[in-house]
Structures are given as C-alpha cells and as structure tokens.
Amino acid sequence: MIAELALDLEQSESYVITAFGIVGDNNKPFNLLSSSLNLNATNEENVTIKLMHGVTDAPAVDIYANGGLLVENLSYSEYAGYLQVPVGLYLIHI
C-alpha cells in the first residue's frame with residue numbers, strides 16, 4: 001500500500017478522490033485528497049466545475065477560460081472552490 005485515506009461518507013452526498021504527488025519523494029509525496037462534489041448547477045444555463053492543481057513541478061497557477069481569469073494563484077494540492085460557468089465551449093489556459 002502506498003497511501004491510505006480514512007473517509008466519513010455521508011448519505012446522499014457525492015465525493016471526488018484525487019491521487020497526486022510522487023511515490024518516494026519527500027518534498028511532493030504521493031497522497032490522496034477527498035473533496036465534496038456538487039453535481040448541481042445554479043440554473044440550466046450554467047455548469048458547476050471544480051479544479052485541482054496536481055502538477056508537482058509547477059508553481060501556483062492562474063487558470064483562464066476563454067481569456068478571462070477563472071482561478072488565481074491555485075497552489076499545488078489545492079482545489080479551487082466550486083465555479084458556476086455558462087454552458088459552452090471553453091479554451092482553458094494555465
């Protein structure tokens with residue numbers, strides 16, 4: 001076994017489990033992270049997204065969608081909060 005994560009899962013909830021890091025690396029160790037997963041958008045014109053920075057050799061990043069800043073200064077091993085964005089085609093830049 002290379003990682004262990006204890007979870008208290010609640011009825012009728014949704015979760016995402018993310019594996020990240022490098023096995024055997026003390027600076028960026030392999031790990032598991034859980035987060036809630038909201039599947040409901042605020043209305044029919046929006047979708048809910050959640051972003052996570054899991055790139056071990058990248059600094060904190062800004063994430064742009066179609067040229068507009070979506071998330072600022074997201075650090076390694078962190079999730080951004082839930083974002084509601086309009087339905088559509090997106091070009092994502094990191």
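**Notebook: aromatic pair, sheet and surface patch**

I searched the rings and got a count of one aromatic pair. The partners are Phe-20 and Tyr-76, and their arrangement is edge-to-face. I noted 5.6 Å centre to centre and 75 degrees between the planes. This is a predicted model, and I read every value as computed from it.

Phe-20 belongs to strand S1, while Tyr-76 is in the loop between S5 and strand S6 (83–86). They are 56 residues apart, so I logged the pair as a link between distant parts of the chain.

Are Phe-20 and Tyr-76 buried or exposed? Phe-20 has 8% relative accessibility, and the limit for buried is under 20%, so Phe-20 counts as buried. Tyr-76 is buried too, because its relative accessible area is 15%.

Another ring came up in a search for charges. Lys-50 lies over the face of Tyr-79. I noted 5.2 Å from the ring centre.

Next, the sheet. I found an open sheet of three strands in the order S5-S4-S7, with antiparallel pairing. S5 and S7 are the edge strands, each pairing on one side only.

I went through the pairings of S4. With strand S5 (residues 68–74), S4 pairs in the antiparallel sense over four bridges. Within that pairing, Ile-63 stands opposite Val-71 in S5. With strand S7 (residues 92–93), S4 is again antiparallel, over two bridges. Here I looked up Tyr-64, and its bridge partner in S7 is His-93.

How many residues lie between S4 and S5 in their hairpin? There are two. I checked the turn and found Asn-66 with a positive phi of about 50 degrees.

Which side chains of S4 (residues 61–65) point to the buried face? They are Val-61, Ile-63 and Ala-65.

Last, the surface. I found a nonpolar patch of about 340 Å². Leu-5, Leu-7, Leu-9 and Ile-17 make it. I looked at Leu-5, which lies in the segment before strand S1 (15–20). Its relative accessibility is 31%, so Leu-5 counts as partly exposed. Patch residues need over 30%, so Leu-5 passes that cut-off.

Methods:
Residues numbered from 1 in each chain as written. Predicted model: local features only at pLDDT ≥ 70, side-chain atom pairs only at ≥ 80, totals over all residues. Heavy atoms only, no water. Patch = residues over 30% accessible without salt bridge, like charges linked within 9 Å, V, L, I, M, F, W, Y side chains within 5 Å. Areas by Shrake-Rupley, 256 points an atom, 1.4 Å probe, with all protein chains shown as cover. Salt bridge = Lys/Arg side-chain N within 4 Å of Asp/Glu carboxyl O. Buried < 20%, exposed > 50% of the residue type's maximum accessible area, 1.4 Å probe, protein only. Pairing = 2+ DSSP bridges. Phe/Tyr/Trp six-rings, centres within 6.5 Å; stacked < 30°, edge-to-face > 60°. Lys NZ or Arg CZ within 6 Å of the ring centre and 35° of its normal.
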